[in-house]
Amino acid sequence: MESLKFTTLLPCKSLSGNLVRPKLINHHDVIGQVGLAPLWKKRCKTEGLRLRASLSSKAGPQDGAPSAVEDQKEKENGVLLGAERDSSGSVIGFNLSPPNGHEVVIDTEEDVTSDRIETAEDVGGREKPKAKVTRSIVFVTAEAAPYSKTGGLGDVCGSLPVVLAGRGHRVMVVSPRYLTGSPADKKFSGAIDVGHTNVICFGGEQEVAFFHEYREGVDWVFVDHPSFHRPGNPYGDSFGAFGDNQFRFTLLSHAACEAPLVLPLGGYTYGQNCLFLVNDWHAGLVPLLLAAKYRPHGVYTDARSVLIIHNLAHQGVESAVTYKNLGLPAEWYGALEWVFPEWARAHALDRGEAVNILKGAVVTTDRILTVSEGYAWEITTVEGGYGLNGLLSSRKSVLNGITNGIDVVEWDPSSDKHIASHYSANDLSGKVECKIALQKELGLPIRPDCPLIGFIGRLDYQKGIDLIQSGIPELMSEDVQFVMLGSGDVQCQDWMRLAEATYKDKFRGWVGFNVPVSHRITAGCDILLMPSRFEPCGLNQLYAMRYGTIPVVHSTGGLRDTVVNFNPYAEGGGEGTGWTFSPLTKESMLAALRLAIRTYKEYKPSWDGLMKRGMGKDFTWESAAIQYEQVFEWAFIDPPYVG
Ligand SMILES: Nc1ncnc2c1ncn2[C@@H]1O[C@H](COP(=O)(O)OP(=O)(O)O[C@H]2O[C@H](CO)[C@@H](O)[C@H](O)[C@H]2O)[C@@H](O)[C@H]1O
């Protein structure tokens, strides 16, 4: 394959993303070939789209050594400082809290693939609203439900593509083909091998294969490589985050850039004039590759990218020496350059130099979206910006927030196959049956009148688990029951087991990741507690409202945007859909919970009003999709980022 040789002017970016100086580069060997499309097409023609049973065993580097700063922890001003690794294994430099501990293996015993109902038929004769302008859209994501999911990213990338396809767009979702050796692998059984290609990174050619399934109007494309085949969740296992996550997600980004050029899905490639939706840091190399690898060669000159930030706390930060592995020209180092503050460095000689993939994406993407308006503002502040606030502020003109929708087919109390009894806003009688069934399942005393409070989510710092822990002794002195479903921090899991033993008749902790149980808790509880420290959008409060379960949430990010605080004195018998509390303290959380408990017990008409208002809200993706389309149009009005 011919290696391209050229000389061009490329810019260099400062930490803030501003242009520093143009550099003369000569990178004939740096990025290798661009656009494997012609060769691929030739291959498809001559060989047909053959199914391949085996893959090249060119695996990437094995678990890399942790950066020198990782182990450094020092006490300063009473705060535990030190570089932390996020759940995907990258260093988070600006988080002053202690590390979260280990990841746990996802435990999805029950099949979630079959949960999916084909909606195309559901809408049957009804006319579906279509987009005014339709595009070729390529989602790039580490998770897409039901194939892979550890949280809200999987939900969004499993449902928004279907809605956009329904509106007339051509939609491809590119994510890894995770095989864990568990029954969950059968989720990928509908995807067939449609060929393979080589991408250049980590010191050579890496062979990846593409698997494809066309479902619900969407081309689901799975990138296959041995590094995606191992037990655990997409980011780690019970021993912690995988050490080669930078390699695995570099592969994903490179492969995703090739997919629209090389895969003749349904007979035609998506081509160059497409729109990449880049989800979180795992896909963050995509806008960099467009700008640094493809556009200088006249490829993807009309494509655009939109970076969607689901969680700014995870940025894909690794030691600076890893830059050479990313498959980018040396001259683009400045776009990813990241320097830790002195306090976060390991020793006097440590210069704190790192590469930050999300930062590079923020610099080079055409537009930036977050998953709520509140969070779009928060990430431009020192408190919520995780060190990127300055850069994000400088890109405010292309930064928007759109509140997530939910999959209203999967999450529908009138048809949910996981719950004991169906119900709706018009007939709520099934809800108490769900509660009784949940109490039975959990071995709690069966008490339909006792307020049942639930929590569902990752057991980590973001979700405010520490607040629950400190509030539980007081809460357990009330006449309530409490159930927690979660996985993550090992100490939290142990604490849940201990709390269950201590409050036998009142508390249940379900350790693990279990989608059907999450549905049953959402339906069976009266109150859903979300004391999140920050919450870009949050989906559980939306699911809760749809199921007549009243959210009690910290007033932050998307929680503040979506939950309206209850006002019993408003005309017409009250208004609001839940309780929002602030500041984030045990006292204000307990005060909000006590208000909710009292309202549940003593003011049934108010409670019914809260339930019905929540259930009547429109959380469908349709309205969000229209806003997304507006952002797509803005992305195409401006010229693409070329550096
Ligand atoms: N143990 C368990 N068993 C079964 N299901 C479990 C579970 N733990 C969590 N889940 C499920 O995972 C999803 C969590 O979604 P969230 O949006 O609340 O948070 P997350 O932080 O993962 O997402 C990030 O991305 C999303 C999407 O943009 C943002 O809404 C959010 O604020 C941001 O932090 C929900 O579907 C929930 O039911």
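A polar contact is a pair of N or O atoms within 3.5 Å; within protein, one atom must be able to donate a hydrogen and the other to accept it, and residues adjacent in sequence count only if both atoms are side-chain atoms. Keep that in mind as we begin with the ligand. An oxygen atom of the ligand is 2.5 Å from an N or O atom in the side chain of Asp155. Asn540 also takes part, with a polar side-chain atom 2.9 Å from an oxygen atom of the ligand. Asn514 uses its backbone instead: one of its backbone N or O atoms lies 2.9 Å from a nitrogen atom of the ligand. In total, 29 residues surround the ligand, where being near a molecule or strand means having a heavy atom within 4 Å of it. The closest are Asp155, His310, Arg458, Glu535 and Gly538.

A word on what you are looking at: this is a predicted model, in which local features need pLDDT of at least 70 and side-chain atom pairs count only at pLDDT 80 or more, while totals for chains, interfaces and linings use all residues. Residues are numbered from 1 along each chain as its sequence is written, and side-chain values use heavy atoms, with hydrogens and water left out.

Now step back to the whole chain. It has 18 helices and 26 strands; these are DSSP runs numbered from the N terminus, helices being H or I with at least four residues and strands E with at least two. Of the 643 residues, 61% count as buried. Buried means under 20% relative accessible area, exposed means over 50%, and partly exposed lies in between (1.4 Å probe, protein chains only). Among contacts (heavy atoms within 4.5 Å) between residues at least 6 apart in sequence, 72% join residues at least 24 apart.

Strands of a sheet pair through backbone hydrogen bonds, either parallel or antiparallel. Here the sheet is open, its order is 23-22-21-24-25-26, and the pairing is parallel; two strands pair if DSSP finds at least two bridges between them. Strand 23 (507-511) and strand 26 (579-581) stand at the edges with a single partner strand each, so one side of each has no neighbour in the sheet. On average, neighbouring strands of this sheet are turned by 20 degrees against each other, direction ignored. Such angles run from 0 to 180 degrees between N-to-C directions, with axes that are lines fitted to C-alpha atoms, for helices over the stretch in contact. Strand 22 (residues 481-486) is joined to strand 23 by 5 bridges, and Val483 stands opposite Arg508 in strand 23.

Two helices lie across this sheet. Helix 13 (residues 515-524) lies across strand 21 (452-456), strand 22 and strand 23, at about 145 degrees to strand 21. Helix 16 (residues 586-602) lies across strand 21, strand 24 (527-530), strand 25 (550-554) and strand 26, at about 165 degrees to strand 26. In the loop between strand 26 and helix 16 you will find Pro583, which a cis peptide bond joins to Ser582, with omega about 5 degrees. Most residues other than glycine have a negative phi, and most peptide bonds are trans.

Another open sheet has 3 strands in the order 16-18-17, with antiparallel pairing. Strand 16 and strand 17 (337-339) stand at its edges, each with a single partner strand, so one side of each is left without a neighbour in the sheet. The twist averages 45 degrees from one strand to the next. Strand 16 and strand 18 (residues 353-356) pair over 3 bridges, and Ser319 stands opposite Ala354 in strand 18.

The loop between strand 16 (317-319) and helix 6 (333-336) holds Asn325, which is buried because its relative accessible area is 16%. Leaving aside neighbours within four places in sequence, Asn325 is in contact with Cys201, Phe202 and Thr250. Phe202 sits in the loop between strand 9 (192-201) and strand 10 (204-215), and its phi is near 50 degrees, a positive value in a residue other than glycine.

Finally, where are the disulfides? A search of the whole structure finds 0, a disulfide being a pair of cysteine sulfur atoms within 2.5 Å. For Cys274, the nearest cysteine sulfur, that of Cys257, is 8.8 Å away. Cys274 counts as buried because its relative accessibility is 0%.
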